[in-house]
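Open the model in your viewer and keep the selection panel at hand. The stops below say what to pick and what is there.

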Amino acid sequence: MGCSRIGSTRVAIVVALTTILASCTSLPRSGPDHKDVDRDAAVKVTTKERRVGIDYALVDLSKNVLSYFTAPQPTSFKGFGGGRGGAPEIPLGYGDVVQVAIFEAQSGGLFIPSDAGSRPGNYISLPEQTIDRNGTITIPYAGRVPAAGRLKETVEQDVEDRLASRAIEPQVVITTTTSRSSQVAVLGDVNNPQRVQISPAGERVLDIISAAGGLTTNNIETNVTLQRRGKTATVAYTTLLKNPAENIYVAPDDTISIDHERRTYLALGAAGVSGRFDFEESDLTLGEAIAKAGGLRDDRADPAQVLLYRLVPKKTVQAMHVDTTRFAGEMVPVIIRANMRDPATLFAVQQFKMEDKDIIYISNSDSVELVKFLDIVNSVSSTVSGVADDANDTRNAVQDLGN
């Protein structure tokens, strides 16, 4: 009889506490109550369902899904050519300053007077001249000769052909005294952005970066973009260091842009440490990202509900045979769910590559909310004999079930 009365009393206390908690606004809070916020708003812009209204796709991480989320293939400089062999030949260009020397086999010809004597190596040097906006140079008795965009040897042969009927076995040598067209612009995260002149020996991409004073930031997460005649490609700086085939020869009028892109992701929910984390490495897997955030909290996390939020190209989602008619645009919001209770998932998360601005959310276990409530019951009813012990016992039992 006494035990029944005590049990009824405890039940009554719990029911009363539940009623009080449902309506009480005096419990400790770190900010305003959501009901007060809703009531005191001068204007409300909300949806009837109280949802954000963003459609998303939910995908469970599995062996089959991994193939659709492989690391994106980086672009390459190999398509520009100039990776192997000798340095490419550099043509003459607009604005270059050149000097032309004309040799004749003997005196008495077009350029060498008769009184100069018969000696080999008779020649004259014409005054320096700039390749004009029409791309030409002027040679006496040969007229205006196209030069811009042509190799020096080709222009020399052209001049010789034009003088062949008037000069005595003419030979022409063209020397570039100032090169203004054979330059490469390097800008971005380098110590000395500038235009670098290309030498006949040839310069590669890393040579140009070095000539500009090197990087101003850590080479990890630094990208190098090469623009040439309307074509653009980007590779990681570390790729240039590790793969010599990517460190190609540059060409006149190339533009090299150096950009340090800080890659980060967010870890929220029942992670060991919540916050924003840097990749700090060229590649990072989902498993490594979770570990970097302190793993899953044993006292809170639901291992079956590890969620990764990402915007995925629509063509990738369509390849998974998912209906994308509800999604506008080229990107689809996707939640990728990993069930860490499955031992095989530990292998999967080590193959799943993270991307910049990913969000990891680790859900609370279903037992956590009940444990929170029992903690409140414990603190409020500590003066009531036996209730605190019951609350503790119940809380521990729920935690055991959740784990």
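Helices here are DSSP runs of H or I, at least four residues long, and they are numbered from the N terminus. This is a predicted model.

**Stop 1: valine 349**

Select residues 345-349. This is helix 9, and valine 349 lies in it. Is valine 349 buried or exposed? Its relative accessible area is 3%, so valine 349 is buried. The cut-off for buried is under 20%.

Now show the contacts of valine 349. Neighbours within four places in sequence are left aside. Leu61 is one of the residues it touches. Thr285, Leu286 and Gly287 are also in contact with valine 349, as are Ala338 and Met340.

Asparagine 339 and valine 349 are 10 residues apart in sequence. Their C-alpha atoms are 9.9 Å apart in space.

**Stop 2: residues 283-313**

Select residues 283-313. UniProt lists this span, in an unreviewed entry, as "domain: Soluble ligand binding". Colour it by secondary structure: 23% of the span is helix and 42% is strand.

Next, pick tyrosine 309. Tyrosine 309 sits in strand 15, residues 301-313. Its relative accessibility is 33%, so tyrosine 309 counts as partly exposed.

Together with Tyr309 they make a nonpolar surface patch of about 310 Å².

**Stop 3: salt bridges**

Side chains of opposite charge can pair when their charged atoms come close. How many salt bridges does the structure hold? The count is 13. Visit three of them.

Begin with aspartate 299 and arginine 297. Their side chains meet in a salt bridge at 2.8 Å, N to O. Aspartate 299 has 44% relative accessibility and therefore counts as partly exposed. Arginine 297 is also partly exposed, at 31%.

Move to aspartate 158 and arginine 150. This salt bridge spans 3.0 Å, N to O. Aspartate 158 is buried, with a relative accessible area of 16%. Arginine 150 is partly exposed, with 23%.

Then select aspartate 356 and lysine 357. These two form a salt bridge, and their closest N and O atoms are 3.0 Å apart. Aspartate 356 has a relative accessible area of 27%, so it is partly exposed. Lysine 357 has 52% relative accessibility and counts as exposed. The cut-off for exposed is over 50%.

**Stop 4: serine 182**

Last, select serine 182. Where does it lie? Serine 182 is in the loop between strand 7 (171-178) and strand 8 (183-188).

Display its side chain together with that of serine 179. The two side chains make a polar contact at 3.4 Å.

Now show what else serine 182 touches, leaving out residues up to four places away in sequence. Ile90 and Pro91 are among its contacts. Val196, Gln197 and Ile198 touch serine 182 too, and so does Pro252.

Technical notes:
Residues numbered from 1 in each chain as written. Predicted model: local features only at pLDDT ≥ 70, side-chain atom pairs only at ≥ 80, totals over all residues. Heavy atoms only, no water. Helix = DSSP H or I, 4+ residues; strand = E, 2+ residues; numbered from the N terminus. Polar contact = N/O pair within 3.5 Å; in protein donor to acceptor, adjacent residues only side chain to side chain. Contact = heavy atoms within 4.5 Å. Salt bridge = Lys/Arg side-chain N within 4 Å of Asp/Glu carboxyl O. Buried < 20%, exposed > 50% of the residue type's maximum accessible area, 1.4 Å probe, protein only. UniProt positions renumbered as here; feature names shortened; annotations may be inferred. Patch = residues over 30% accessible without salt bridge, like charges linked within 9 Å, V, L, I, M, F, W, Y side chains within 5 Å. Areas by Shrake-Rupley, 256 points an atom, 1.4 Å probe, with all protein chains shown as cover.
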